Amino acid sequence: MVLSCKNVRKTFGEHVILDDLSLDVDEHEVVALIGASGSGKSTLLRCVNLLEQVDDGTIHLDGDEITDPRADPDRVRQKIGLVFQSYNLFPHMTVLDNITLAPVRVHKKSPAEAKAQAMQWLERVGLAAKAGAYPDRLSGGQQQRVAIVRALVNQPRLLLLDEVTSALDPELVGEVLTMIRDLKGDGTTMVLATHEMGFARQVADRVAFLDGGRVLEQGPPSQVLGDPVEARTRQFLARIIEAGRL
Amino acid sequence: MTYAPSERRLDRIAYRRRQAIRSVLLAALSTAAVGTLLTVAVTGAPGWERVKTSFFDFPTARKYLPQILDGLWLNLRLLVVCATLAMALGLLVAVLRTLRGPVAFPVRAIATGYTYSFRGLPLIIVIYLFAFGIPGLRLQGIPSVLVLGAAAIIITYGAYLAEVFRAGIESVHPSQIAAARSLGLGYRQTMRHVVLPQAVRRVAPPLLNDTVALQKDVGLISLAGPIDAIRAAQIGVAQDANFTPYVVAGVLFMLLALPLIAVTDWVTLRAARRQNAGS
C-alpha cells in the first residue's frame, strides 16, 4: 500500500473539513476524489503533502507515518508530487528551469543530467519547443502539462492532482486529461480530486465520494457513478448531470 | 479580396490629424505664455539684480567648480558604497524578519526594532551620533568620521530598504511557496530560488527611487566634516560671501541624479507593462 489515511481530522477554526476520514491507495492505483466544493478533496491532498497539518488521525506513506511531528516534511514531500489547480509555475523561470529546479537543488542531480531528463519529458508531452519559454507565453493547458512534468521528474511514489483542469478553457482540458491517461499507462500511483466525472469514470480504478469530511462511498467508477448506494451520492450526481457535466 | 479603406475611415483619419495639429499648436502657445510670465515675474522682481550677483555669478562659479567637482567625486564614491551596503543590509534584515520558529525570536525582534527605530530617527541626528559620539568613546581603532558618517547613512537607509524588500517578499503569493515546498525544497531554498527573485524584481522601482533619495542624502556627510561637494561649496560661500557655489553644487547633484532617475522611470515602466501583459 502506498498511501494510507486513517481517521484523519482537520479543522479550520470552527469548520470541520475532514472528519474521521480513512482512505487507502495501492501501488499503481488511480483514485478519483469527487464531491461538492468544500467537501475536503483539496484539503486532504494538502494534508497528504504536509502543506497542512492534520488535527487527528494518521497518514502513512509506504508504511512510514508522515504525520509524526518528528518526520522531516521536506523528505516526505520529495516522495510526493503535487499539481495545483492554478499550475503555480514559477513565473521568473523558463519552462526548463521550472522542471530542473528540484532535481538539481533537492535531488542533487547534475544540471546536464536534469536537463536531459527534462527534455525527454518535454519531448514526450510535445512541449520540447517551449523549453526556453517563460510560463506567461504558454496556454493554460501547456502550463498545466509543464506543472505535471515538474512534479514527475522527481519520480514521486505518489502523484496528487488537485482539480488540475478546473482553471482551463474547455478546449484545453483534453490535452491535460490525455497526459494523465498516459501516466496511468505508466503505472503512476495517483490521487486526483476532480469535477470531471466522465474522466474519473475512464481513468480511475476507484472513485471515492467525499461528503461532510469523510469518504461516504467508494468503489469502482461504474458502481459509484452509475449505481450509487448512498442517497447523498445520488443527489450529488443528479446535480452534476443537471449542470451537464456528466 | 483586397481591402480599401472606406470614405468613413479616411474621414476619421483626417479629422484625427487636424485635432493632433491643433493640440500641438495649443501646447506650444501655452508653454510660451507660461514661460514669459515666469521670466517677467523673476527678472522683474525688485531684488533681482542683487539675487543675480549673489547666486548666479559666473566668475565665482568657475572659480569654485574644480573644488566642488572634487567633492562630488567623494559623493559619487560614497553613493556607490552606501547604496550597495544599504541594499545588502536591507535584504538581510527583511529576510530575518520573515524567519519563523522560537529560536529565531530574538533575531526577529532585533530586526523589527531596528526597522522601527531607524525609520523614525532623522538621518542628521544619526550622523551626529555616529561621527561625534563614537569617537568620543576613545576606543582603539575607531575609523575616521568619513567611515562613521557612511555607516550612519547605510544603517538609516538599510531600515527603509528592508521594508521595501519585506513588502516584496510578502507580495509573492503563498501558492508559489506551496509549489516550491511541494517539490521538496526547504525553507532556505524556497526563499533563495523562488521568493526572493520574484520579490526583488517586483520592488525594483521603489528600490531605485530610494537610491535617488540616497544620492542626495550622501551630501549630509558634510555635517560630519569630510569635504564633499556641499562642504566644498560652503567653503567657497564663506570665502567670497557669495552663494553661487551652492547653486553650482545643486546643479551638479541634479545632473548626477538624472541618469539614475531615467533608469528608475524605465524600470518602472517596464514593470508596469509586464504586469499588464501577464494574465
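**Chain B, contacts and overall form**

Q: Of the contacts in chain B between residues at least 6 apart in sequence, what percentage join residues at least 24 apart?
A: Happy to start here: a contact means heavy atoms within 4.5 Å. This is a predicted model, where local features need pLDDT of at least 70, side-chain atom pairs count only at pLDDT 80 or more, and totals for chains, interfaces and linings use all residues. Residues are numbered from 1 along each chain as its sequence is written. Among the contacts in question, the share joining residues at least 24 apart is 76%.

Q: How many helices and strands does chain B have?
A: Helices (H or I, at least four residues) and strands (E, at least two) are DSSP runs, numbered from the N terminus. Read from that end, the elements go α-α-α-α-α-α-α-α-α-α. The counts for chain B are therefore 10 helices and 0 strands.

Q: Why is chain B described as more spread out than a compact globule?
A: The globule rule is 2.2 Å times the number of residues to the power 0.38, and the radius of gyration is taken over C-alpha atoms. For 279 residues the rule gives 19 Å, and chain B is more spread out because its radius of gyration is well over that, at 26 Å.

Q: How far apart are the end C-alpha atoms of residues 72-264 of chain B?
A: An unreviewed UniProt entry lists this span as "domain: ABC transmembrane type-1"; such annotations may be inferred rather than shown by experiment. The span is 81% helix and 0% strand. Its end C-alpha atoms are separated by 22 Å.

Definitions and conventions: Chains are lettered from A and ligands numbered from 1 in the order in which they are written. Side-chain values use heavy atoms; hydrogens and water are left out.
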